Amino acid sequence: MVKYIIKRLIISILTIWLLATITFFLLRVLPGNPFQTEKLISVEVQERMMAYYGLDRPLIEQYFTYMKNLLRGNMGYSLKYTNRTVNSIIASTFPVSAELGLRLLPWHCPWGLRWEWRRRGNAERPWITHAWS
């Protein structure tokens, strides 16, 4: 059982690392930069903003800084909302998301069990029913 738990933890960590890496590089492949908008911003201001957020550094340095900050739980300042950290934005919106998820949980569990029963047939039904009673 311990081997299984360790294996699942390693797989989970690798999955999170892979998703973070893919997200980082996909965002860097997009054309332009985050500060090119409909509003006319001077090139000098764009360069200062790129330097402030570290987007003018080499890609590998940006990647390691990104991963280091993710491990520390520091997601930096928001590019959209001025003077707000990403952590504060997540903290302010998380209770609403958690409440919505918890309210929908009693509705979706029976549907999930129903689809599982249809997929596996009646052989597994007593075990699943026992697990939820």
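How much space lies in the largest pocket? About 960 Å³ of space lies there. The model discussed here is a predicted one.

**The chain as a whole**

The chain has 133 residues, and 11% of them count as buried. Its secondary structure consists of 5 helices and 0 strands. Read from the N terminus, the order of elements is α-α-α-α-α. Contacts between residues at least 6 apart in sequence can be sorted by separation: 37% of them join residues at least 24 apart. The accessible surface of the chain is about 11,600 Å². Carbon and sulfur atoms account for 67% of that surface.

**The largest pocket**

The space in the largest pocket, as said, is about 960 Å³. A total of 27 residues line this pocket, and R28, Y53, L55, Y66 and L79 are the closest to its centre. Three helices, α1 (2-29), α2 (43-52) and α3 (59-72), each give at least two residues to the lining. Which helix supplies the largest share of the lining? That helix is α3, with 5 residues. Sorted by class, the lining of the largest pocket holds 15 nonpolar, 10 polar and 2 charged residues.

| Residue | Relative accessible area | Class |
|---|---|---|
| Q62 | 10% | buried |
| G54 | 5% | buried |
| T21 | 12% | buried |
| N83 | 77% | exposed |

Why does Q62 count as buried? Q62 is classed this way because its relative accessible area is 10%, and the cut-off for buried is under 20%. The residue sits in helix α3. Its side chain makes a polar contact with the side chain of R28, at 2.9 Å. With residues up to four places away in sequence not counted, Q62 touches F24, R28, G54, L55, D56 and R57.

The relative accessibility of G54 is 5%, so G54 counts as buried. From G54 to T65 there are 11 residues along the sequence, and the C-alpha atoms of the two lie 9.1 Å apart in space.

T21 is placed in helix α1. With a relative accessible area of 12%, T21 is buried as well. A polar atom of the T21 side chain lies 2.9 Å from the backbone oxygen of W17. Apart from neighbours within four places in sequence, T21 is in contact with Y63 and M67.

**A loop residue with positive phi**

Is N83 buried or exposed? N83 is exposed, because its relative accessible area is 77% and the cut-off for exposed is over 50%. The residue is found in the loop between α3 and α4 (86-120). Most residues other than glycine have a negative phi. N83 is not a glycine, yet its phi is positive, with a value near 60°.

**Summary**

In this predicted model, the chain has 5 helices and 0 strands. Helix α3 gives the largest share of the lining of the largest pocket, and Q62 in this helix has a side-chain polar contact with R28. N83, in the loop between α3 and α4, is exposed.

How values were computed:
Residues numbered from 1 in each chain as written. Predicted model: local features only at pLDDT ≥ 70, side-chain atom pairs only at ≥ 80, totals over all residues. Heavy atoms only, no water. Helix = DSSP H or I, 4+ residues; strand = E, 2+ residues; numbered from the N terminus. Buried < 20%, exposed > 50% of the residue type's maximum accessible area, 1.4 Å probe, protein only. Contact = heavy atoms within 4.5 Å. Areas by Shrake-Rupley, 256 points an atom, 1.4 Å probe, with all protein chains shown as cover. 1 Å grid on protein atoms, 1.4 Å probe; cavity = no way out; pocket = protein on both sides within 12 Å on 5 of 7 lines; lining within 4 Å. Points joined across faces, edges and corners; volume = space filled by probe spheres on them. Nonpolar A, V, L, I, M, F, W, Y, C, P; charged D, E, K, R; others polar. Polar contact = N/O pair within 3.5 Å; in protein donor to acceptor, adjacent residues only side chain to side chain.
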